[in-house]
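Subject: Structure handover

Hello,

Here is the structure for you to look at. My notes on it follow below.

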Amino acid sequence: MEVESFQDLAYNGGTTQQLPPQFIRPSHERPENTKAIEGVTVPVVSLSQPHEVLVDQQVSKACMEWGFVMVTNHGISSTLIQRLKEVGEGFFALPLKEKQAYANDAANGKFEGYGTRMIKNPDEKTEWLDYFFHLAAPPAKVNPQIWPKHPPSYREVTEEYNKEILKLTDKILELLSEGLGLEPNTLKSSLGGEDIEAEMKINHYPPCPQPELALGVEPHTDMCALTLLVPNGVAGLQVWKDGNWVAVDCLPGAILVHVGDQIEVLSNGKYTGVLHRTLVNKERTRMSWAVFIAPPHDKVIGPLTQLVDDDQSPPKYSTKTFADYRYRKINKLPQ
Ligand SMILES: O=C(O)CCC(=O)C(=O)O
């Protein structure tokens, strides 16, 4: 069969209602053969509780056991989250041609912009999504010229949301530092302090003709330090826990926090980067707004010296720049 692009299929109906082979997952990965376990729910924590409770029992416990926590009462207004969703939906509602004017070129290192994931190896399967990706902090590295110009309020809303997300990030990093018995600012300063980067990725998963055979994003851990994510009202995210997929039923207004690889490395494995994937849907478009919090590329990351010693707790991870880590992860090389 002629290989069709994701956009042909998703936006123009393609030539068929049968998924072309490049989207069909091998049997052991298909949602129909790897269903989520029933009766297990992800940890939910209200951030309005006393600080000691959050440190000792809640946020750090969830991030040690799951690498994942859903937070409520996080201080970001539901109106702002709603506006963020509206501007993202507005962009994806534009005609394909207008979106393609922002096309990224990941093969040549231009990661920012609109695109679908690049497949390097012909055996790899294509994910059922398109996305917009751009840097949102620190200000010195941000190029708003790359951001969507439509809807016109995209920039104002995204900047406001990003400020709030950075405050929430500070709070979570403090809780996670204290959960390791360290000074509250330890993780933030190890991740570059005020140079810490925030990357916005708007994921868009249009209806898929055979969702039981495909995946939105395939199983992965995030290479950053933390991800803070809000989905639209459509389910699809699943996290891996104790040998099973667990479906994430996001409460209205909640924010989903994923521990990423850099926190796993800094904590020498006390916190775990969460393996996750997304399923797609036959009828409804799913969207999600992920902010990846990451160190600057030249920042050297390794297990924190306070957490390792040669006898009891040797380092489980090598130390390297985030750029090196990223290169190895993208190219599927050993770390
Ligand atoms: O859409 C989601 O819920 C998760 C997206 C995700 O894992 C990613 O963009 O890396």
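Are H3 and H5 parallel or oblique to each other? This is a predicted model, in which local features need pLDDT of at least 70 and side-chain atom pairs count only at pLDDT 80 or more, while totals for chains, interfaces and linings use all residues. Residues are numbered from 1 along each chain as its sequence is written.

The helix pair

Two packed helices are described by the angle between their axes and the distance between the axes. For H3 and H5 the angle is about 135 degrees and the axes are 9 Å apart. The two helices are therefore oblique to each other (under 35 degrees counts as roughly parallel, over 145 as roughly antiparallel, 65 to 115 as roughly perpendicular, and the rest as oblique). Axes are lines fitted to C-alpha atoms, for helices over the stretch in contact, and angles run from 0 to 180 degrees between N-to-C directions. Helices (H or I, at least four residues) and strands (E, at least two) are DSSP runs, numbered from the N terminus.

H3 passes H5 in a left-handed crossing (the near helix is turned anticlockwise from the far one by less than a right angle). On the H3 side, the contact is made by Leu80, Arg83, Leu84, Val87 and Phe91. They meet Tyr154, Val157, Thr158, Glu160, Tyr161 and Glu164 in H5; contact means C-beta atoms, placed from the backbone, within 7 Å. By class, the contact of H3 with H5 has seven nonpolar residues, one polar and three charged. Nonpolar covers Ala, Val, Leu, Ile, Met, Phe, Trp, Tyr, Cys and Pro, charged covers Asp, Glu, Lys and Arg, and the others, Gly among them, are polar.

The eight-stranded sheet

An open sheet of eight strands runs in the order E1-E2-E9-E6-E11-E5-E4-E3, with mixed pairing (two strands pair if DSSP finds at least two bridges between them). Its edge strands are E1 (44–46) and E3 (113–115), each pairing on one side only. From one strand to the next, the twist averages 25 degrees.

E4 (residues 130–137) and E5 run antiparallel and are joined by seven bridges. Helix H3 (residues 78–92) lies across E4, E5, E6 and E11, at about 110 degrees to E11.

The three-stranded sheet

A second open sheet has the order E8-E7-E10, with antiparallel pairing. E8 (244–247) and E10 each have a single partner strand, so one side of each is left without a neighbour in the sheet. Neighbouring strands here are turned by 35 degrees against each other on average, direction ignored.

Four bridges join E7 (residues 237–241) to E8, with Val239 partnered by Val246 and Lys241 opposite Asn244. E7 and E8 form a hairpin with two residues between them, and Asp242 in the turn has a positive phi of about 50 degrees. On its other pairing, E7 is joined to E10 by three bridges, and Leu237 stands opposite Thr278.

The ligand

Leu237 and Thr278 are also among the residues around the ligand, with Lys201, Asn203, Val217, Asp222, Leu229, Pro231, His276, Ser288 and Ala290 (C-beta atom, placed from the backbone, within 6 Å of the molecule). This shell has five nonpolar, four polar and two charged residues.

Regards

Methods: Contact = placed C-beta atoms within 7 Å.
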